[in-house]
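Work through the exercises below with the model open beside you. Try each task before you read its solution.

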Amino acid sequence: MFNKLKDYILLKLGITELRHNLATAEKNLNDRFDFLGAYMNLTQKEDIEIDPAIASKVATKLCAEYNIDTINMATHKNDVMFAIHVFGHRYNLENAVYTNFRIGAETALNLKRICEEYKIAPQKILDFGSGYGRVSRFLKQKFPESEIEISEVKSQALDFQKRHFGFKGIFHSQDAESLNCEKQDLILAVSVFSHLPKTTFAPWLNKLIQCLNSGGALVFTFNNSEDPKYFGVTKNQNFVYQQVSEDSKFAFLSDSIKDTNDYGHTFVTHQYLEDLLSENDVSYHFLGKSLVQSQESIIIIKN
Ligand SMILES: C[S@@+](CC[C@H](N)C(=O)[O-])C[C@H]1O[C@@H](n2cnc3c(N)ncnc32)[C@H](O)[C@@H]1O
């Protein structure tokens, strides 16, 4: 099914001169193919236009659920996180849009709670590996006093977030040495360390700790290698790296990270993290699934 869809998208995108003819056929596609319809605009538009009726329904629901005033629903055509939900929800756009933004809103709210619990009142926040702003777009509302920056290895993601949310973006490569950032009070990394290979995992962890002010916190998510649901893959080993990722699956998106040596699927044990952290002057607490439901988290506070 997936390959068929992929071929379909590529075919449509490849034959731009047929787009007018295809537009008629497109009209006849049922709702489940709204996503493909949106993708057809790829050649001309960076942003996916979410059906206003769906956007309004989802926004009303989420604003009530997460106590926020408005939601900026700007969505980029290369947003892998969004694409995952669209495919996961079998092309039901309303469910996909809801899930995507619910996760962002929920993560921002949970982060706020965690900061309150650990008495972190950040003036400066960095959303590291922020992607297309699934979480960052909600940070402004939950941390209105804070200055928010984002970082990415994808320059289009930085441009998009600057354009839609006004965030200052920091571009860097996969190499931790390439990050040049001011000291932060809070660094968030959602679903980034769950993708890094061994060669860059520890360097990035050390680098982000270096970027913290004293008393500042790094909160990041990871896949726990000892989670029974991963046993078949990990056998509880300290560090497991699979050379596959959402980006490699959605390789047809123009800025997806295709090199699975750089970006894959990573599992670590608590012990592995503790051993790395023993080399730093920090205290830390494992947070279970209190930040996001799909991965575990840890808060690391710099002494
Ligand atoms: C799974 S996405 C998560 C995006 C965002 N944090 C969220 O939760 O929606 C991981 C992001 O990390 C970025 N990334 C990949 N390698 C990175 C690296 N070495 N350092 C920082 N970000 C990286 C990817 O470009 C991608 O946008």
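**Exercise 1. The whole chain**

What percentage of the 303 residues in the protein chain do buried residues make up? Then describe the chain's helices, strands and contacts.

Solution. 
- Step 1. Keep in mind that this is a predicted model.
- Step 2. Buried residues make up 54% of the 303 residues.
- Step 3. The chain has twelve helices and eleven strands.
- Step 4. Take the contacts in the chain with a separation of 6 or more: 70% of them join residues 24 or more positions apart.

**Exercise 2. Serine 151**

Find serine 151, and decide whether it is buried or exposed.

Solution. 
- Step 1. Serine 151 sits in strand E4, which covers residues 147–152.
- Step 2. Its relative accessible area is 0%. Buried means under 20%, so serine 151 is buried.
- Step 3. Now look at the neighbours, leaving out residues up to four places away in sequence.

**Exercise 3. The cavity**

How many cavities of 30 Å³ or more are there, and where does the largest cavity lie?

Solution. 
- Step 1. The count comes to one cavity of 30 Å³ or more.
- Step 2. The largest cavity holds about 430 Å³ of space. It is lined by 28 residues, and Gly129, Gly131, Glu152, Val192 and Tyr263 are the closest to its centre.
- Step 3. Sort the lining by class: twelve residues are nonpolar, ten polar and six charged.
- Step 4. Domain 1 (2–101) and domain 2 (107–302) both give residues to this lining, so the cavity lies between them.

**Exercise 4. The pocket**

Describe the largest pocket: its volume, its lining and its place between parts of the chain.

Solution. 
- Step 1. The volume of the largest pocket is about 500 Å³.
- Step 2. Its lining has 23 residues, and Met81, His85, Ile103, Arg134 and Ser294 lie nearest the centre. Helix H5 (80–88) and helix H6 (93–117) are the elements that give two or more residues to this lining.
- Step 3. By class, the lining of the pocket has seven nonpolar, eleven polar and five charged residues.
- Step 4. Both domain 1 (2–101) and domain 2 (107–302) contribute residues to the lining, so the largest pocket lies between them.

**Exercise 5. Aromatic pairs**

How many aromatic pairs does a search of the whole structure find? Examine two of them, then look for a cluster.

Solution. 
- Step 1. The search finds 13 aromatic pairs.
- Step 2. Start with tyrosine 132 and phenylalanine 160. Their rings are 5.6 Å apart centre to centre, with 65 degrees between the planes. An angle over 60 counts as edge-to-face, and this pair is edge-to-face.
- Step 3. Tyrosine 132 is in the loop between strand E3 (124–127) and helix H7 (136–142), while phenylalanine 160 is in helix H8 (residues 155–165). They are 28 residues apart, and the pair links distant parts of the chain.
- Step 4. Check burial. Tyrosine 132 counts as buried because its relative accessibility is 4%. Phenylalanine 160 is buried too, at 0%.
- Step 5. Turn to tyrosine 230 and phenylalanine 267. This pair is edge-to-face, with 4.8 Å centre to centre and 65 degrees between the planes. Tyrosine 230 lies in the loop between strand E7 (212–224) and helix H10 (231–234), and phenylalanine 267 in strand E9 (residues 265–268), so the pair ties together parts that are 37 residues apart in sequence. Both residues are buried.
- Step 6. Ring pairs also link a cluster: Phe193, Phe201, Phe220, Phe222, Phe239, Tyr272, Tyr284 and Phe286.

**Exercise 6. Threonine 266**

Which residues does threonine 266 touch, not counting residues up to four places away in sequence?

Solution. 
- Step 1. Threonine 266 is in strand E9. It counts as buried because its relative accessibility is 2%.
- Step 2. Its C-alpha atom is 7.7 Å from that of phenylalanine 222, 44 residues apart along the chain.
- Step 3. The residues touched are Phe193, Ser194, His195, Leu196, Pro197, Phe201, Asn223, Phe239, Val240 and Tyr241.

**Exercise 7. Positive phi**

Asparagine 67 has a positive phi, and so does lysine 119. Where is each residue?

Solution. 
- Step 1. Asparagine 67 has a phi near 50 degrees. Its place is in the loop between helix H4 (52–66) and strand E2 (75–76).
- Step 2. Lysine 119 has a phi of about 55 degrees. Its place is in the loop between H6 and E3. Lysine 119 is exposed, with a relative accessible area of 74%.

How values were computed. Residues are numbered from 1 along each chain as its sequence is written. This is a predicted model: local features need pLDDT of at least 70, side-chain atom pairs count only at pLDDT 80 or more; totals for chains, interfaces and linings use all residues. Side-chain values use heavy atoms; hydrogens and water are left out. Helices (H or I, at least four residues) and strands (E, at least two) are DSSP runs, numbered from the N terminus. Buried means under 20% relative accessible area, exposed over 50%, partly exposed in between (1.4 Å probe, protein chains only). Contact means heavy atoms within 4.5 Å. On a 1 Å grid over the protein atoms alone, a cavity is a set of points where a 1.4 Å probe fits but cannot get out, and a pocket is an open set with protein on both sides within 12 Å along at least five of seven lines; lining residues have an atom within 4 Å of a point. Grid points are joined across faces, edges and corners, and a volume is the space filled by probe spheres set on the points. Ala, Val, Leu, Ile, Met, Phe, Trp, Tyr, Cys and Pro count as nonpolar, Asp, Glu, Lys and Arg as charged, and the others, Gly among them, as polar. Domain bounds come from an automatic or database domain assignment. Rings of Phe, Tyr and Trp (its six-membered ring) pair if their centres lie within 6.5 Å; planes under 30 degrees apart count as stacked, over 60 as edge-to-face and the rest as tilted.
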